[in-house]
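We will go stop by stop.

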Amino acid sequence: MENENITPGYIPEREPDAAVMQARDKMGAYKSDCLRLGFFLTITLLIRELASGLSPLLISLLDNLNINNTNALYGISLLYSGLCMQIIPSLLAAVMLKYSLRNICGGFKPVKQSKKAFANFPAMYGAGMTVNLLTMWIISLINKNSNIGDSINSTGLQPPTFESSFTLFFLTVVIAPIFEEFIFRGAVMHILMPYGNGMAIFISAFCFGIYHGNFQQFFFAFVLGIVLGYITIATKSIFCSTVLHAMFNSVSGIIMIFISTQAVQKKAWQTADGIPAELTDGEQLVNTCYAIFMIIVLLTAIIGFIAMINKLRKIKKYRIPKIWGEVSNGRKLAVLLLTLPVISAVLLMIDVMGFEYIGGKVYELVSAAMGG
């Protein structure tokens, strides 16, 4: 008989069909990409902590160079910050997340939808400022000693002079948007988009918020990241998100320039002390321009808030196309969060946001070694 050598009761194993094999391959690729993303986040956050802890070495080096120019010292500190927080992480993103450096060296090309994307700026600004004001209000309730100045200067990079404020403006309006968009709307979203655009937007926005390094900036940066992520998906380019990011940062950059002027500082002292300050005609003009600019910003925020509400009402009409819908976003997120390098990155995120334990310990060790 043809099958007489087959053991009774034996059921032959079925070969997995193509769909099952494809699903296994997809999950395997997803787990591998989660590992790469986790390692990238862990390393970049460690660099951030180490950069903070090694600051005494930078101070000592500058002392040995006998640089007495305040603007030069401030410029070097900004360069150090930009190198550790934007430039080096971008190079790591290109290598570890396999995202082409051509996107920095010339890949920011305008797209047909640019004008339509830029028209979203008021709504984006309104959303960011609404969340920022809510955060400031909550912080003021929790911490009675907080003030508006601390909220504005939550980056800790307040320029010491008027001239140095332009260096900060260049960093926040040119350098930061280019490299941060390359990292978050570029490399991070690029590695996650094959597994779902919605999840790619959410995770990249969350990382973008954490990357700002403090509670004050996290929430509005997270909302900003969501909006920029949607625009990146809609335009299939990081050009529009980069320009919008620069436009958003330019508002606070211009405010910082005004605040750094002697005219505005005199006016602030007059308000605080109640003693009339003698202002020249030029200083009066600066304060008038500052007041006009702040009115424009306020009107933009109000119009943007209304536009944001209108867009939220219509948001259901815009559906991000589902990718790899066979696996729920909950399971994808669980796989991501249970990846060991991602767990270590989450712990580092918590430390960066609140405790700064690693950076503080490195600072203590370096200071002790230099003191010895």
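## Stop 1: the largest cavity

Select Phe40, Leu41, Thr44, Leu45, Ile183, Phe184, Cys207, Ile210, Tyr211 and Met349, which line the largest cavity. A cavity is a set of points, on a 1 Å grid over the protein atoms alone, where a 1.4 Å probe fits but cannot get out; lining residues have an atom within 4 Å of a point. Now colour helix H1 (18-53), helix H7 (162-192) and helix H8 (197-211), the elements that give two or more residues to this lining. Helices are DSSP runs (H or I, at least four residues), numbered from the N terminus. H1 provides the largest share, 4 residues.

The space in the largest cavity is about 50 Å³. A volume here is the space filled by probe spheres set on the points, with grid points joined across faces, edges and corners. The structure holds 1 cavity of 30 Å³ or more.

Which kinds of residue form the lining, nonpolar, polar or charged? There are 9 nonpolar, 1 polar and no charged. Ala, Val, Leu, Ile, Met, Phe, Trp, Tyr, Cys and Pro count as nonpolar, Asp, Glu, Lys and Arg as charged, and the others, Gly among them, as polar.

A word on the model: it is predicted, and local features need pLDDT of at least 70, side-chain atom pairs pLDDT 80 or more, while totals for chains, interfaces and linings use all residues. Residues are numbered from 1 along each chain as its sequence is written, and side-chain values use heavy atoms, leaving out hydrogens and water.

## Stop 2: glutamate 49

Stay in helix H1 and pick glutamate 49. Is it buried or exposed? Glutamate 49 counts as buried because its relative accessibility is 4%, and buried means under 20% relative accessible area (1.4 Å probe, protein chains only). Leaving aside residues up to four places away in sequence, glutamate 49 touches Leu348, Asp351, Val352, Glu356, Ile358 and Gly359. Contact means heavy atoms within 4.5 Å.

## Stop 3: the largest nonpolar core

Select Tyr30, Leu37, Tyr125, Val188, Phe248 and Leu336, which touch the most other members of this 64-residue core. H8 gives the most to this core, 9 residues. A nonpolar core is a set of buried Ala, Val, Leu, Ile, Met, Phe, Trp, Tyr and Cys residues joined through side-chain atoms within 4.5 Å.

How values were computed. On a 1 Å grid over the protein atoms alone, a cavity is a set of points where a 1.4 Å probe fits but cannot get out, and a pocket is an open set with protein on both sides within 12 Å along at least five of seven lines; lining residues have an atom within 4 Å of a point. Buried means under 20% relative accessible area, exposed over 50%, partly exposed in between (1.4 Å probe, protein chains only).
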